[in-house]
Amino acid sequence: MRAAINGSISFAQSTGAHLDVVAIGYERTIIPLLAIGVTAVTSVFEVEQARALERAEAALHAFDLQARNTGISYTSRALSALPTDARRIICASARVHDMTIVTQPQGGYDSCDNLILRGILSQAGGPVLYLPPTFDGAFSIRRVGICWDGSRRAARALHDATPLLCKADTLTIIATTAPDKVPAESSTAHLGEYLAKSGLPARIVSLPASRAARRALLSLATDESLDLLVMGGYGCSQLQERLLGTASHMLRGINIPVLMSQ
């Protein structure tokens with residue numbers, strides 16, 4: 001929660017964006033019924049809903065404490081819902097916003113939060129900004145890396161990120177796929193020409209076409225002091241998915257924000 005609060009407030013400060021903040025308290029799916037009768041059952045569920053709503057309101061209070069004196073524009077709402085309903089609510093809401101800001105899914109376990117974070121990319125219909133769990137600084141877009149394999153999803157991420165790319169000082173095109181696997185008309189060279197025509201010059205670097213590609217991407221992000229990575233969602237190409245893995249695997253170990261589209 002802390003990373004999402006820090007990152008979204010900082011993003012709004014640096015871009016002038018308006019934030020719609022949603023916090024959902026999970027209602028338990030299994031409640032022990034120790035009493036008999038409809039009235040008693042109804043009361044148990046009402047108490048559980050009230051507790052879930054209290055948890056959501058506590059999260060919003062934490063956000064408000066940090067945001068109230070920053071001058072950003074925001075609205076907030078607290079909800080209570082079963083985990084499956086929470087996922088539907090968040091994904092549906094994402095479709096009527098320009099971008100969704102969440103923390104990165106954590107590997108190793110399938111919590112309710114993780115299932116939502118993994119699924120929102122394919123359901124949002126727009127870009128998702130994934131923040132590392134340790135994010136605690138100012139959101140910056142001075143140095144941006146664009147992961148490119150010539151695919152539709154990579155192009156979608158590129159166009160979704162254009163308002164941010166226009167604010168960057170330096171752009172780096174990161175070739176994530178072997179040149180012979182990229183359509184000639186959407187090669188990194190053509191991308192460089194396209195960006196240059198838009199007044200966005202970029203240099204090109206290539207990742208090794210091997211299973212060490214993800215490790216090389218992490219190293220490159222550090223060496224180039226990148227503030228943001230832009231990439232298409234998992235499944236961009238069979239080769240990239242094999243090299244870099246699914247969304248949660250690609251994000252593992254990346255300690256900078258990543259904008260993804262699908």
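Here are legends for a few close-up views of this predicted model.

**View 1. Helix H3 packs against helix H4.** H3 covers residues 83-94 and H4 covers residues 112-123; their axes sit 10 Å apart at an angle of about 30°. The crossing of the two helices is right-handed. On the H3 side, look for Pro83, Ala86, Arg87, Ile90, Cys91 and Ala94, which meet Cys112, Leu115, Ile116, Gly119, Ile120 and Gln123 of H4. Sorted by type, the residues of this contact are 9 nonpolar, 2 polar and 1 charged.

**View 2. Phenylalanine 11 meets phenylalanine 139, one of 2 aromatic pairs in the structure.** The ring centres are 5.1 Å apart and the planes stand at 70°, so this pair counts as edge-to-face. Phenylalanine 11 belongs to helix H1 (residues 2-15), while phenylalanine 139 is in the loop between strands S4 (128-131) and S5 (143-148), so the pair links parts of the chain 128 residues apart.

**View 3. Phenylalanine 63 pairs with tyrosine 74.** This is an edge-to-face pair too, with 5.2 Å from centre to centre and 75° between the planes. Phenylalanine 63 is in helix H2 (residues 38-67) and tyrosine 74 in strand S2 (residues 73-81), so the pair ties together parts 11 residues apart in sequence. Phenylalanine 63 is buried at 3% relative accessible area, whereas tyrosine 74, at 23%, is partly exposed.

Methods. Residues are numbered from 1 along each chain as its sequence is written. This is a predicted model: local features need pLDDT of at least 70, side-chain atom pairs count only at pLDDT 80 or more; totals for chains, interfaces and linings use all residues. Side-chain values use heavy atoms; hydrogens and water are left out. Axes are lines fitted to C-alpha atoms, for helices over the stretch in contact, and angles run from 0 to 180 degrees between N-to-C directions. Helices (H or I, at least four residues) and strands (E, at least two) are DSSP runs, numbered from the N terminus. A crossing is left-handed if the near helix is turned anticlockwise from the far one by less than a right angle, and right-handed if clockwise. Contact means heavy atoms within 4.5 Å. Ala, Val, Leu, Ile, Met, Phe, Trp, Tyr, Cys and Pro count as nonpolar, Asp, Glu, Lys and Arg as charged, and the others, Gly among them, as polar. Rings of Phe, Tyr and Trp (its six-membered ring) pair if their centres lie within 6.5 Å; planes under 30 degrees apart count as stacked, over 60 as edge-to-face and the rest as tilted. Buried means under 20% relative accessible area, exposed over 50%, partly exposed in between (1.4 Å probe, protein chains only).
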